[in-house]
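Please look over the structure below before reading on. The report that follows goes through it part by part.

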Amino acid sequence: MIRLDRFLANANVGTRSQVKKLIKSGAVTVDGSVCTNSSAKIDENSCITCQGKIIVPLANCVYMLNKPAGVVSATTDGVDKTVVDLLKKEGRDDIFPIGRLDKDTEGILLITNDGALSHNLLSPRRHVDKTYLCVTNKPLTDEELRLMEEGIDIGDDKITRPSKISKTTLEEACNTYNIAMGNVVSLFERIDKLSDYTADLVYSYYLTISEGRYHQVKRMFSHFGGEILYLNRVEFAGLRLDKDLGAGEFRLLTDEEMKLIAG
Ligand code: URA
């Protein structure tokens with residue numbers, strides 16, 4: 001069920017305030033009867049007309065965005081640019097991010113108008129895998145790597161679910177995922193770390209987790225006394241960050257990719 005004004009705005013009939021006026025003026029019918037109530041709930045099988053024309057909802061869409069640092073995972077924000085602002089040229093006002101990445105985290109983020117898909121991918125029961133390139137200031141010992149995989153207490157009710165962690169280098173990761181090394185280093189700079197940490201003095205890992213707790217990766221590293229200097233989500237639900245997407249760029253998922261996440 002969806003509000004009538006939202007349905008019309010999503011179908012690009014007008015802005016939310018324009019469609020409210022149209023509804024109030026009696027221009028809109030629901031299943032043959034005039035409806036002047038903007039907040040009326042309609043279901044997807046209802047036949048809606050506006051000024052005599054049948055309104056067809058916009059098709060579902062899923063975009064892969066390479067989220068840059070400095071942008072918040074929200075639809076609107078009074079202060080910061082949002083991930084949805086980055087897709088402005090698509091002209092859709094029905095889209096939202098599937099989950100969140102921190103403001104300083106980069107990497108793959110799906111943006112959609114499909115509430116059911118989002119719900120499914122974020123469901124704690126589905127245990128969707130997310131892989132992060134984690135750049136930190138402290139190396140993990142073999143025992144710490146083992147514990148990280150086994151599950152640790154990061155201050156929640158439960159220990160973390162089993163994860164996978166492997167060592168890499170910043171250079172290897174940047175080549176594999178086409179991450180601009182300049183972005184990584186400028187992020188160190190922004191967080192005032194460059195004087196302490198250069199690309200040679202940092203330690204890089206791939207960490208795959210199947211939960212989505214608040215600041216989970218940062219808290220897992222800080223459990224062992226380390227600090228995340230740079231975080232990039234390189235895989236989500238079996239999708240790899242597209243090497244051709246620079247930070248801030250996006251594209252629609254392919255049919256193959258759509259099948260993969262529908263799983
Ligand atoms: N874990 C974090 O700490 N931050 C993110 O953005 C994502 C996962």
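This is a predicted model: local features need pLDDT of at least 70, side-chain atom pairs count only at pLDDT 80 or more; totals for chains, interfaces and linings use all residues.

## The chain as a whole

The protein chain contains eight helices and 15 strands. Along the principal axes, its C-alpha atoms fill a box of roughly 70 × 35 × 35 Å. The chain has 263 residues, and 48% of them count as buried.

Contacts can also be sorted by how far apart the partners are in sequence. Among contacts between residues at least 6 apart, 67% join residues that are at least 24 apart. The accessible surface of the protein chain comes to about 13700 Å², and carbon and sulfur atoms account for 50% of this area.

## Around the ligand

The residues that surround the ligand are Leu101, Asp102, Thr105, Tyr132, His215, Gln216, Val217, Lys218 and Leu231. Lys218 takes part through its backbone: one of its polar backbone atoms is 3.0 Å from an oxygen atom of the ligand. Taken alone, the ligand exposes 240 Å², and the protein buries 95% of that area.

## Lys218 and its partners

Lys218 belongs to helix α7, which covers residues 216-222. Its side chain makes a polar contact of 2.8 Å with the side chain of Asp102. The side chain of Asp104 is also joined to that of Lys218 by a polar contact of 2.8 Å.

With neighbours within four places in sequence left aside, Lys218 is in contact with Asp102, Asp104, Thr105, Ile228 and Leu231. Among these partners, Asp102, Thr105 and Leu231 are also listed around the ligand.

## Helix α3

Which residues of helix α3 are buried? In this helix, residues 115-122, they are Leu117, Ser118 and Leu121. Seen down the axis of α3, the buried residues fall within an arc of 100°, so they line one face of the helix. The face turned away from this buried side carries Ala116 and His119, which are exposed.

The buried residues of α3 pack against several other elements. These are the strands β7 (62-67), β8 (96-97), β9 (106-112) and β13 (228-236), together with helix α8 (255-262). At the start of α3, a side-chain oxygen of Asp114 comes to within 3.2 Å of the backbone nitrogen of Ala116.

## Cysteines without disulfides

A disulfide is a covalent bond between the sulfur atoms of two cysteines. How many disulfides does a search of the whole structure find? The search finds zero.

For comparison, the two sulfur atoms of a disulfide must lie within 2.5 Å.

Is Cys35 buried or exposed? Cys35 counts as buried because its relative accessibility is 14%, and the cut-off for buried is under 20%. Cys47 has 34% relative accessibility, so it counts as partly exposed.

Conventions:
Residues are numbered from 1 along each chain as its sequence is written. Side-chain values use heavy atoms; hydrogens and water are left out. Buried means under 20% relative accessible area, exposed over 50%, partly exposed in between (1.4 Å probe, protein chains only). Helices (H or I, at least four residues) and strands (E, at least two) are DSSP runs, numbered from the N terminus. The arc is that of the directions from the helix axis to the C-beta atoms. Contact means heavy atoms within 4.5 Å. A polar contact is a pair of N or O atoms within 3.5 Å; within protein, one must be able to donate a hydrogen and the other to accept it, and residues adjacent in sequence count only if both atoms are side-chain atoms. A residue is near a molecule or strand if one of its heavy atoms lies within 4 Å of it. Accessible areas come from the Shrake-Rupley method with a 1.4 Å probe; for residues, only the protein chains shown count as cover.
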